[in-house]
Amino acid sequence: MKKITLCILSVLLFFWQGFSNPVLQNVYARRTVTLNGTWNYIVDPLDNGYYDYRRQPLKNGFFENRKAQAPGDLVEYNFDRDATMTIPGDWNTQDDRLFFYEGTVWFKKDFTYTAKSGKRVFLYFGAVNYTCNVWVNGKEAGSHEGGFTPFAFDVTDILQEGDNFVIVRANNERKPENVPTLNFDWWNYGGITRDVMLVETPEIFIDDYLVQLPKGVNDAVEGYIRLNSPAAGINVRLQIPGLGIDRQFFTNEKGEATFRIGAKPDLWSPESPYLYQVKVTGAGDTLLDRIGFRNIATEGKSILLNGEKIFLKGISIHDEAPFRQGRIISREECRILLGWAKELGCNFVRLAHYPHNEHMVRTAEEMGLMVWSEIPVYWTIRFDNPPTFENASAQLRAMMERDKNRCAVVVWSVANETPHSPARDAFLENLAKQVRDNDNTRLLSMAMEVSGFSDNTNKVEDYMSRFVDIISFNHYLGWYGGTPQDCKTRQWYIPYDKPFFVSEFGAGALQGYHGDPGQRWTEEYQAELYKNTLEMFDRVEGFAGTSPWILMDFRSPRRQLPYIQDFFNRKGLVSEKGVKKAAFYVLKDFYLTK
Ligand code: GCU
């Protein structure tokens with residue numbers, strides 16, 4: 001009976017499957033074949049491999065990977081004889097010609113595959129910045145927009161036995177309607193910047209699951225196990241040995257089983273980042289995960305972790321590798337950056353301004369660091385443009401789907417420093433609603449701008465203050481306006497019965513440049529600003545934490561001052577070579593008092 005059921009379901013699935021993008025929850029626990037490694041690439045500034053000379057899409061573009069067969073054949077490209085680079089990896093740091101490059105680069109990877117009956121195969125990308133089209137064996141697998149979230153295409157029916165090739169057209173051109181838009185203060189690293197792999201699943205498989213503490217409860221575990229198909233009556237199983245949980249369920253007509261089970265887990269915290277082994281099985285699929293359990297909430301002007309008031313001792317971090325720069329590709333690089341955060345005494349990291357590598361979130365969780373995770377709705381987004389909202393919404397959904405089981409993520413952020421307007425308010429209100437509709441267990445925030453000043457008082461007034469749990473804002477008194485001394489007398493007006501969090505403050509300093517505190521770009525100037533800013537905010541009721549800008553100097557095309565910036569934003573507490581500046585110790589000492 002079971003075989004007939006699965007067979008019927010497989011037929012149903014075959015017709016249903018092509019119309020949905022899988023979540024592939026916890027992809028690293030699945031049966032995968034890595035495609036990381038050496039890829040050939042072709043630089044194509046005019047998209048000559050995609051459009052003809054009349055700018056019409058080619059039917060026989062570079063994606064066909066053609067070769068001249070006869071002496072008279074005209075083929076004006078050859079992947080196999082062109083350059084190679086290591087994937088994952090941005091192109092900017094692997095080819096000097098591409099350091100500033102914005103445009104299309106084509107990538108090709110040969111691979112062999114042995115078909116297995118009853119299996120589906122997905123081609124998974126951790127991220128490609130910014131848009132991409134993907135072909136397998138010359139047949140289009142799909143396309144994606146958004147530079148920092150994972151996606152996958154079902155390639156079961158376009159793989160062939162034995163030799164295969166995948167071709168990716170990646171393009172990192174900035175456009176007004178994109179998310180982020182034209183202007184941002186980080187390097188526009190392009191290409192296949194995160195892991196690539198084939199993911200093998202049964203025809204019917206566990207596509208998604210959630211295992212967490214219910215909001216405000218610490219004596220039950222709730223969630224769901226969801227198949228890739230609306231198949232009812234399929235047996236699924238949840239095992240959490242450390243909690244004595246071993247329960248079986250049958251899926252409903254949506255292919256989903258929900259649960260709420262009494263349990264009293266040891267709670268995850270920065271001091272005790274305990275993760276439970278969790279095993280989810282069903283429909284011939286088995287997934288192992290490590291999941292922590294914690295509550296995060298606010299009460300008046302306090303933030304509560306597991307019911308206890310906590311001060312978020314944070315630091316902001318960009319996804320940029322220490323020492324070599326470029327996008328982070330290894331857990332070792334994550335450990336180096338997060339190790340510096342732990343040295344500061346942090347219990348919190350703001351992963352700015354876009355979803356970071358999954359390795360970064362998982363490493364933070366293992367090291368006991370809470371995470372602020374953010375989509376790149378940054379500065380002057382086209383808030384009046386519906387496709388731009390759809391894009392931002394899709395990136396928010398993908399970020400929340402990927403990290404829903406990561407207890408370290410305690411804040412979802414929907415924006416950074418976005419200028420006030422009715423269109424912006426509506427755009428962000430809808431994103432805030434999307435967060436609330438999909439996750440009532442985490443805090444919602446965004447980095448607002450300080451919007452008013454009078455009588456030596458800064459005011460934080462933002463339409464979005466009614467939707468967020470934490471009033472967060474960036475402010476650079478003493479760097480962008482005023483002096484570090486002004487912090488000694490500045491007042492603050494933050495009229496909300498909510499915690500406030502300073503998501504950014506800071507100053508630039510060239511590591512090793514010393515002088516008196518009044519000399520801009522010295523380590524002493526930066527240290528003085530840190531000291532005065534921390535004292536200023538510490539005087540204000542409701543100060544619940546901060547993530548100063550920023551852990552490490554990072555590349556930015558907006559920072560041209562020769563001999564000081566040289567296309568680096570110098571607000572890091574650590575230089576890009578890993579040398580700590582004086583302000584590092586100012587922040588560390590402050591956190592010792594918290
Ligand atoms: C802003 C912005 C950052 C930027 C920083 C700076 O607050 O959020 O992305 O790098 O200021 O000017 O250094």
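Is D455 buried or exposed? D455 is exposed, with a relative accessible area of 71%; exposed means over 50%, buried under 20%, and partly exposed in between, calculated with a 1.4 Å probe on protein chains only.

The model is predicted: local features need pLDDT of at least 70, side-chain atom pairs count only at pLDDT 80 or more, and totals for chains, interfaces and linings use all residues. Residues are numbered from 1 along each chain as its sequence is written, and side-chain values use heavy atoms, with hydrogens and water left out.

**View 1. The loop that holds D455.** D455 sits in the loop between β28 (452–454) and β29 (457–459). Helices (H or I, at least four residues) and strands (E, at least two) are DSSP runs, numbered from the N terminus. Although D455 is a residue other than glycine, its phi is positive, near 50°.

View 2. To their contact, domain 2 contributes 20 residues and domain 3 contributes 21 residues, where contact means heavy atoms within 4.5 Å.

**View 3. The loop that holds N306.** N306 is placed in the loop between β21 (302–305) and β22 (308–309). It is not a glycine, yet its phi is positive, about 55°.

**View 4. The largest nonpolar core.** A nonpolar core is a set of buried Ala, Val, Leu, Ile, Met, Phe, Trp, Tyr and Cys residues joined through side-chain atoms within 4.5 Å. The largest one has 100 residues, and I315, V377, L431 and F473 have the most contacts inside it. Helix α6 (residues 523–538) gives the most to this core, namely seven residues. Because domain 2 (206–296) and domain 3 (307–592) both supply residues, this core lies between them. Another core, of 31 residues, lies apart from it and includes Y41, Y113, V128 and V196. In soluble globular proteins, nonpolar side chains tend to be buried together.

**View 5. The surroundings of L431.** With neighbours within four places in sequence left aside, L431 is in contact with I375, V377, F389, A392, S393, L396 and V414.

**View 6. D425 in helix α5.** D425 belongs to helix α5 (residues 422–438). Its relative accessibility is 13%, so D425 counts as buried. Not counting residues up to four places away in sequence, D425 touches Y463 and M464.

**View 7. The largest pocket.** About 710 Å³ of space lies in the largest pocket. Of its 28 lining residues, N21, H144, P150, A394 and A398 are the closest to the centre. Two or more lining residues come from each of the elements β8 (139–145), β9 (151–154) and α4 (386–403), and α4 has the largest share, with 10 residues. By class, the lining holds 12 nonpolar, nine polar and seven charged residues. Ala, Val, Leu, Ile, Met, Phe, Trp, Tyr, Cys and Pro count as nonpolar, Asp, Glu, Lys and Arg as charged, and the others, Gly among them, as polar. Domain 1 (35–201) and domain 3 (307–592) each give at least three residues to the lining. On a 1 Å grid over the protein atoms alone, a pocket is an open set of points where a 1.4 Å probe fits, with protein on both sides within 12 Å along at least five of seven lines; lining residues have an atom within 4 Å of a point. Grid points are joined across faces, edges and corners, and a volume is the space filled by probe spheres set on the points.

**View 8. Helix α3 and its ends.** Eight of the 10 residues of helix α3 (residues 358–367) are buried, so the helix is largely enclosed by the rest of the structure. The buried residues are E358, H359, M360, V361, R362, T363, A364 and E365. G368 follows α3 and has a positive phi, near 80°. H353 is in the loop between β24 (348–351) and α3, and the peptide bond from A352 to H353 is cis, with omega near -20°.

**View 9. G339 and A364.** G339 lies in helix α2 (residues 331–344) and is partly exposed, with a relative accessible area of 21%. The C-alpha atoms of G339 and A364 are 9.5 Å apart, with the two 25 residues apart along the chain.

Notes: Domain bounds come from an automatic or database domain assignment.
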